[in-house]
Amino acid sequence: MQLDPQTDFPAFEKKLEDFKNRHFTEDHQYNRIQLLPLIELRSEETNNTSIIILLSWIAVIILVIACINFMNLTIAQSLLRIREIGIRKAIGSVSW
């Protein structure tokens, strides 16, 4: 959710805590509601930027391999199509 910049965060978190106590069952009382900016949320989950960089590089490598594979399949398909067109022209068919 997006909050107004003038929102008092501690007071709002207290309201969320009261909401949790009123609406959640006893089984879910151990859950915690906490407000974090999106940037801090990501860094709190991983605590290690090297993992994020490594996964980004893996994603880039996979994307490059997929592009090369697509170009290879496209070129192979076009070579078969060129051969087919050449045979049809030699036989004398008219292409539309």
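Colleague: What follows H3, and what is its phi?

Modeller: Gly92 follows H3, and the phi of Gly92 is positive, near 110°. This is a predicted model, in which local features need pLDDT of at least 70, side-chain atom pairs count only at pLDDT 80 or more, and totals for chains, interfaces and linings use all residues. Residues are numbered from 1 along each chain as its sequence is written, and side-chain values use heavy atoms, with hydrogens and water left out.

Colleague: How many helices and strands does the protein have?

Modeller: There are 3 helices and 0 strands.

Colleague: How do you know that the span of H3 agrees with its 43 residues?

Modeller: The expected span is 1.5 Å times one less than the number of residues. For the 43 residues of H3 that gives 63 Å, and the end C-alpha atoms are 63 Å apart, so the two agree.

Colleague: Why is Trp57 called exposed?

Modeller: Buried means under 20% relative accessible area, exposed over 50%, and partly exposed in between (1.4 Å probe, protein chains only). Trp57, in helix H3 (residues 49-91), has 56%, so Trp57 is exposed.

Colleague: And why does Gln34 count as partly exposed?

Modeller: Gln34 has 36% relative accessibility, so it falls in the partly exposed class. Gln34 sits in the loop between helix H1 (9-23) and helix H2 (38-46). Of the 96 residues of the protein, 2% count as buried.

Colleague: What makes Lys14 and Asp18 a salt bridge?

Modeller: The term requires a side-chain nitrogen of Lys or Arg within 4 Å of a carboxyl oxygen of Asp or Glu. For Lys14 and Asp18 the N to O distance is 3.6 Å, so the pair meets the definition. Both lie in helix H1, 4 residues apart, about one turn of the helix.

Colleague: Why are Arg88 and Glu84 said to be about one helical turn apart?

Modeller: Because Arg88 and Glu84 are 4 residues apart in helix H3, about one helical turn separates them. Arg88 is partly exposed at 48% relative accessibility, and Glu84 is partly exposed at 32%.

Conventions. Helices (H or I, at least four residues) and strands (E, at least two) are DSSP runs, numbered from the N terminus.
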